Amino acid sequence: MINIGQQFPSFSKTAVVSIEKGKEFETLTSDSLINDNNQWTCMFWWPKDFTFVCPTEIAEFNNNYGEFRDRDTTLIGASTDSEFVHAAWRNNHDDLRGLKFPMLADTSKSLAEALDILEPNEKIAYRATFIIDPQGIVRWASVNDLSVGRNVKEVIRVLDALQTDELCPCNWEKGQETLTV
């Protein structure tokens, strides 16, 4: 898997950004990861659309969209399903219709391969989460097995800690003292 401190891989992928007819798709590129606006990125992956654990995670990320926005962080969801499958899922699942972030389609699996997050048998993405700083550097990566959903509050806690650029002890939460040397 890609390591902490490495540049996030280059990509140009179609994403579902809306369910409004004619405005469903946009191209997302890795160029947006590098910026002078101090904008961070959180990209999270799920194995398959139209499954059971995945929509619970996607809905929870959406429920916390404001928390990411308040931390100057762009949220991107991704899987190896096509943009058309993403669009159909969004249109047919109550919890996904109002998503505030794009659903990236890595149909070639090239980005998932570059990140080394493909499950070896089915060649679907693990439940991987990456926090990327404004220079496009991976600062945190976490992977769950296919059957275990992630904790969005923990992703936010880690993002808070990274954005302090200070030493944060175990179980540190925003507003608590950091360590001094």
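Helices and strands here are DSSP runs, numbered from the N terminus: a helix (H or I) has at least four residues, a strand (E) at least two. The model on your screen is predicted.

**Stop 1: Asp145**

Select Asp145. Where is aspartate 145 placed? Look in the loop between β7, residues 138-144, and α5. Now show its surroundings. Setting aside neighbours within four places in sequence, aspartate 145 is in contact with Tyr126 and Arg127. Aspartate 145 and lysine 21 lie 124 residues apart in sequence. In space, their C-alpha atoms are 35 Å apart.

**Stop 2: strand β6**

Select residues 127-132, which make up β6. How many of the six residues of β6 are buried? Six of the six are, and the strand is mostly covered. Turn the strand and follow its side chains. Arg127, Thr129 and Ile131 point one way. Ala128, Phe130 and Ile132 point the other way. The residues on both sides are buried.

**Stop 3**

Find isoleucine 131, which stands opposite tryptophan 140 in β7. Then trace the chain from β6 into β7. Together the strands form a hairpin, with five residues between them. Pick glycine 136 in the turn: its phi is positive, about 80°.

Which residue of β6 stands opposite phenylalanine 44? Threonine 129 does.

**Stop 4: Met43**

Stay in strand β3 and select methionine 43. Is methionine 43 buried or exposed? Methionine 43 counts as buried, because its relative accessibility is 0% and buried means under 20%. Show what touches it. Leaving aside neighbours within four places in sequence, its contacts include Phe8, Phe11, Ile76, Ala78, Leu104 and Leu111. Methionine 43 and arginine 150 are 107 residues apart in sequence, but 13 Å apart in space, C-alpha to C-alpha.

**Stop 5: Cys54**

Select Cys54. An unreviewed UniProt entry annotates this residue as "active site". Cysteine 54 sits in helix α1, residues 53-63. With 0% relative accessibility, cysteine 54 counts as buried. Which residues does it touch, not counting those up to four places away in sequence? They are Trp46, Pro47, Lys48, Trp89 and Arg127. Keep Lys48 and Arg127 in view for the next stop.

**Stop 6: salt bridges**

Side chains of opposite charge can pair when their charged atoms come close. The count for this model is eleven salt bridges.

Start with Lys48 and Glu122. They form a salt bridge, with the closest N and O atoms 2.7 Å apart. Glutamate 122 is partly exposed, at 45% relative accessible area. Lysine 48 is partly exposed too, at 32%.

Next, select Glu57, Arg127 and Arg150. These three are linked in a network of salt bridges.

Move on to Glu20 and Lys23. Their side chains meet in a salt bridge, 3.5 Å from N to O. Lysine 23 is exposed, with a relative accessible area of 51%. Why is glutamate 20 called partly exposed? Its relative accessibility is 44%, so it falls between the 20% and 50% cut-offs.

Finish with Arg69 and Asp70. Here the side chains meet in a salt bridge at 3.8 Å, N to O. Aspartate 70 is exposed, at 54% relative accessible area.

**Stop 7: a nonpolar patch**

Switch to the surface view. Select Leu167, Leu179 and Val181. These residues form a nonpolar patch on the surface. Together they have about 350 Å² of accessible area. Leucine 179 lies in the segment after α5, residues 152-164. At 46% relative accessibility, leucine 179 counts as partly exposed.

How values were computed. Residues numbered from 1 in each chain as written. Predicted model: local features only at pLDDT ≥ 70, side-chain atom pairs only at ≥ 80, totals over all residues. Heavy atoms only, no water. UniProt positions renumbered as here; feature names shortened; annotations may be inferred. Buried < 20%, exposed > 50% of the residue type's maximum accessible area, 1.4 Å probe, protein only. Contact = heavy atoms within 4.5 Å. Patch = residues over 30% accessible without salt bridge, like charges linked within 9 Å, V, L, I, M, F, W, Y side chains within 5 Å. Areas by Shrake-Rupley, 256 points an atom, 1.4 Å probe, with all protein chains shown as cover. Salt bridge = Lys/Arg side-chain N within 4 Å of Asp/Glu carboxyl O. Pairing = 2+ DSSP bridges.
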